[in-house]
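Student: I have a model open and do not know how to read its backbone angles. Can we go through some of them together?

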Amino acid sequence: MDAIVRLRTVGAGVLTVGLAWSLSGCGASSARVDGAEDAGRAFEQALVSRDYRAACGLLAPETRKALAEGEKQACPEALEGQDLPASAAVRAAEVYGRQALVRAGGETLFLSQFAAGWRVVAAGCTPQGDKPYQCLVKGG
């Protein structure tokens, strides 16, 4: 009887671990992870070089629109006024389906995959404990 209880416990543990792994981002292909990292790196490099036109080109359409409308000026000027942290140190991306999280320096970027490639949907994001991230730039 004791052996049956141990087998059931081990079986449940394996099922739990297997289910958690299959629901995590661990199954993302390296090409998709690399694509998200490259987009995050390009966005950060544009900020470092103060090329706000290029950085705006890497924003998701709704994010670009929300930023321009919210600041009542063109995206490059609006983005420059956000005082986003910029870092050339982009760490590995975490990809979950068509969404990605990229950490760069002290900020976090959120990206989505579009037909034209990965685009930044939120930037200048910092964790708020159990609450959602606080982002300086985000789509509507």
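This is a predicted model: local features need pLDDT of at least 70, side-chain atom pairs count only at pLDDT 80 or more; totals for chains, interfaces and linings use all residues.

Student: Where does R50 lie, and is R50 buried or exposed?

Tutor: R50 lies in the loop between α2 and α3. R50 counts as exposed because its relative accessibility is 53% and the cut-off is over 50%.

Student: Where does K72 lie, and what is its phi?

Tutor: K72 is in the loop between α4 (61-71) and α5. Its phi is near 55°, a positive value, and K72 is a residue other than glycine. With 74% relative accessibility, K72 counts as exposed.

Student: Back to α2: how far apart are its end C-alpha atoms, and what span should its residues give?

Tutor: Helix α2 has 19 residues, 30-48, and at 1.5 Å a residue they should span 27 Å. The end C-alpha atoms are 26 Å apart, which agrees.

Student: Which residues of α2 are buried, and what covers them?

Tutor: Buried means under 20% relative accessible area. In α2 the buried residues are V33, A36, E37, A39, G40, F43, E44, A46 and L47. Their cover includes the helices α3 (52-57) and α5 (75-80), along with the strands β1 (90-96), β2 (99-104), β3 (107-114) and β4 (117-128).

Notes:
Residues are numbered from 1 along each chain as its sequence is written. Side-chain values use heavy atoms; hydrogens and water are left out. Helices (H or I, at least four residues) and strands (E, at least two) are DSSP runs, numbered from the N terminus. The expected span of a helix is 1.5 Å times one less than its number of residues. Buried means under 20% relative accessible area, exposed over 50%, partly exposed in between (1.4 Å probe, protein chains only). Contact means heavy atoms within 4.5 Å.
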